[in-house]
Amino acid sequence: MVLTLPATQVPQSSADPVNLFYCFQNVDGGAEGFYTVHNPFQISGPKGYREVKILENGDMYVRTDLPGCDFVDVRIDSLKKSVTSRTLVASPFDPIVNPYESFTPRSYSTTDRLMCDCCRISLVKYHKITDGVLRVVISTTPTSDPQNRAGHAILNNTDPNDPRLTGLIPSTGNPHLIQGHGSGAYEFKSVTDGTAYVRLDMPGVPKHLFNAKVNYGELKPCKRSRRESTVVVTGTAPAVDQDSGDRVYSAIAAIVYDSTGAILLESDPENGVMRLTIRAS
Ligand SMILES: [Zn+2]
């Protein structure tokens, strides 16, 4: 039997299931995990779901977390002041056969707007989604003389170390999501045969830099011979293109209460999303 609890609820000690799963946020916990405007599992690296940089040649580089997606349609608006990127089909899974499918599909829309009055967009030079991260290079043309462009970089840049990106603002999930269940970075589902399914977003992490493992707890005879084990997922998103730094993620994906036996993990990382199947034997 598996008992499921809402994501952040602490289990009651009087419960007596064979297995009990619930969610933690990141391994470090604390305010960084629950009050952020970036991915709640991120433990180091630049903050924010989006990073904007003005390059030396005046181009605008935009990096946006769109976990789970691998295709995007990019368009410039008629005023040449913004670029809108919309993802199309977001799920590679067949909803009939795949139990994760209460989680997806998700799709996103994000608009990168010039904040200055001194230029307009001439071209989207480059756009690509890799491991659930969209990177776009936007070329601009000045519309005023050079001495009026002093504020251009200040207005359009973001600062990944801005305290507003780590302040006490409850995390509401990815602001670019327009369709699909769960704007949060975590979803959990269990089925009656004792299997649990978990989705964790860790955008920018390539398949080979994800890791999932079980940390087995010690048996405590005084507590009906139960032990508390954790399933931990970590990932590293290397800086790509003009990103300002690597991002490192760590999460307790589930806690398993049982007595003995192996806890089996199947992991399926794709497009910056880790999907886990957890079975306690
Ligand atoms: Zn400008």
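**First stop: the nonpolar cores**

Select Val198, Leu200, Ala253 and Met274, the residues with the most contacts inside the largest nonpolar core, which has 26 residues. A nonpolar core is here a set of buried Ala, Val, Leu, Ile, Met, Phe, Trp, Tyr and Cys residues joined through C-beta atoms within 7 Å. A residue is buried if 20 or more other C-beta atoms lie within 10 Å of its own, exposed if 12 or fewer, and partly exposed in between, with C-beta atoms placed from the backbone. Next, colour strand 12 (186-191), strand 13 (195-201), strand 14 (210-215), strand 15 (227-237), strand 16 (247-258) and strand 18 (273-280), each of which supplies at least two residues of this core. Strand 16 gives the largest share, 6 residues. Helices (H or I, at least four residues) and strands (E, at least two) are DSSP runs, numbered from the N terminus.

The model is predicted: local features need pLDDT of at least 70, side-chain atom pairs count only at pLDDT 80 or more, and totals for chains, interfaces and linings use all residues. Residues are numbered from 1 along each chain as its sequence is written.

Centre the view on Val198. Leaving aside neighbours within four places in sequence, Val198 is in contact with Phe188, Ala253, Ala254, Leu276 and Ile278; contact requires C-beta atoms, placed from the backbone, to lie within 7 Å. Apart from this core lies another, of 18 residues, among them Tyr108, Cys119, Ile138 and Leu177.

**Second stop: the whole chain**

Zoom out to the protein chain, which has 2 helices and 18 strands. Of its 281 residues, 34% are buried. Among contacts between residues at least 6 apart in sequence, 64% join residues at least 24 apart.

Select the 4 strands that form an open sheet in the order 4-5-10-9, with antiparallel pairing. Two strands pair if DSSP finds at least two bridges between them. Strand 4 (50-54) and strand 9 (119-130) are the edge strands, each pairing on one side only. Neighbouring strands of this sheet are turned by 15 degrees against each other on average, direction ignored; the axes are lines fitted to C-alpha atoms.

Follow the pairings across the sheet:

- Strand 4 and strand 5 are antiparallel and share 5 bridges, and Glu51 stands opposite Arg63 in strand 5. Their hairpin has 5 residues between the strands, and Gly58 there takes a positive phi near 95 degrees.
- Strand 5 is joined to strand 10 by 6 bridges, the two running antiparallel. Asp65 stands opposite Val133 in strand 10.
- Strand 9 is joined to strand 10 (residues 133-142) by 10 bridges, again antiparallel. Cys119 stands opposite Pro142 in strand 10.

**Last stop: two positive phi values**

Select Lys80, in the loop between strand 6 (72-76) and strand 7 (82-87). Its phi is near 60 degrees, a positive value in a residue other than glycine. Lys80 is partly exposed, with 16 other C-beta atoms within 10 Å.

Finish at Asp241, in the loop between strand 15 and strand 16. Here phi is near 50 degrees, also positive in a residue other than glycine. Asp241 counts as partly exposed, with 14 C-beta neighbours inside 10 Å.

Key. Contact = placed C-beta atoms within 7 Å. Axes fitted to C-alpha atoms, helices over the stretch in contact; angles between N-to-C directions.
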